[in-house]
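Look at the sequence and the model below.

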Amino acid sequence: MTAPDLAFETHDHARCSHNLLARAEAIAAAQGARFTPVRRRVLEILLEAHRAVGAYEVLERLAAEGFGKQPPVAYRALEFLVEHGLAHRVRRLNAFAACTHPGESHAPVFLICRICGAVAEVPAPALRAALDAAAAPLGFVAERCTIEALGLCPACQGAGAVPCN
């Protein structure tokens, strides 16, 4: 798992990615799901940078590596990863990001830097509890919840980017 405070900081990304990939393999095995070479490679692509990656960018990378050029190749792998809790769809960006908390029940909040595109996934149990409390009187049970916040990462703030108000 990546600590939320490391998402925008320099850290041992190779170790971070290795740990998340190993965890993903264990989760897929425990769920009886096939973690095929294409699915593994798609997750590796998502783990290579702390940003969300579009399906066509994933497809370009897969095609360049000999995995196929047809969009279903990428979309099926991404769908598998999302379905098994190994990746999330970041709707604002129409892209996907590796889950930094695979195997854990959570309602992620995505912090998206509007300048560099970096994406951090942070847990927000208080926000989820507030949503559940607001939904309960209506008899509604939220099954999935994703919150996306657009702003500036520490590096872009340090580079002089001005926050929008």
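Helix α2 and helix α4 (residues 71–83) pack at an angle of about 80°, and their axes lie 9 Å apart. Axes here are lines fitted to C-alpha atoms, for helices over the stretch in contact, and angles run from 0 to 180 degrees between N-to-C directions. The angle makes α2 roughly perpendicular to α4; angles under 35 degrees count as roughly parallel, over 145 as roughly antiparallel, 65 to 115 as roughly perpendicular and the rest as oblique. On the α2 side the contact (heavy atoms within 4.5 Å) involves V38, R39, V42, L43 and L46, which meet V73, A77, L78, F80 and L81 of α4. By type, the residues of this contact of α2 with α4 are nine nonpolar, no polar and one charged. Ala, Val, Leu, Ile, Met, Phe, Trp, Tyr, Cys and Pro count as nonpolar, Asp, Glu, Lys and Arg as charged, and the others, Gly among them, as polar.

The model is predicted: local features need pLDDT of at least 70, side-chain atom pairs count only at pLDDT 80 or more, and totals for chains, interfaces and linings use all residues. Residues are numbered from 1 along each chain as its sequence is written, and side-chain values use heavy atoms, with hydrogens and water left out.

Helix α2 (residues 37–47) also packs with helix α3 (residues 55–64), at an angle of about 120° and with the axes 10 Å apart. At that angle α2 and α3 are oblique to each other. From α2, the residues V38, R41, V42, I45 and L46 make the contact, and from α3, V58, R61 and L62. Six of the residues in the contact of α2 with α3 are nonpolar, none is polar and two are charged.

How many helices and strands does the chain have? There are six helices and five strands, where helices (H or I, at least four residues) and strands (E, at least two) are DSSP runs, numbered from the N terminus. Read from the N terminus on, the elements run α-α-α-α-β-β-β-β-α-β-α. Of the chain's 165 residues, 37% count as buried; buried means under 20% relative accessible area, exposed over 50%, and partly exposed in between (1.4 Å probe, protein chains only).

The structure holds zero disulfides, a disulfide being a pair of cysteine sulfur atoms within 2.5 Å. C116 is in no disulfide, and the nearest cysteine sulfur, that of C113, is 3.7 Å away. C116 is partly exposed, with a relative accessible area of 44%, whereas C145 is buried, with a relative accessible area of 16%.
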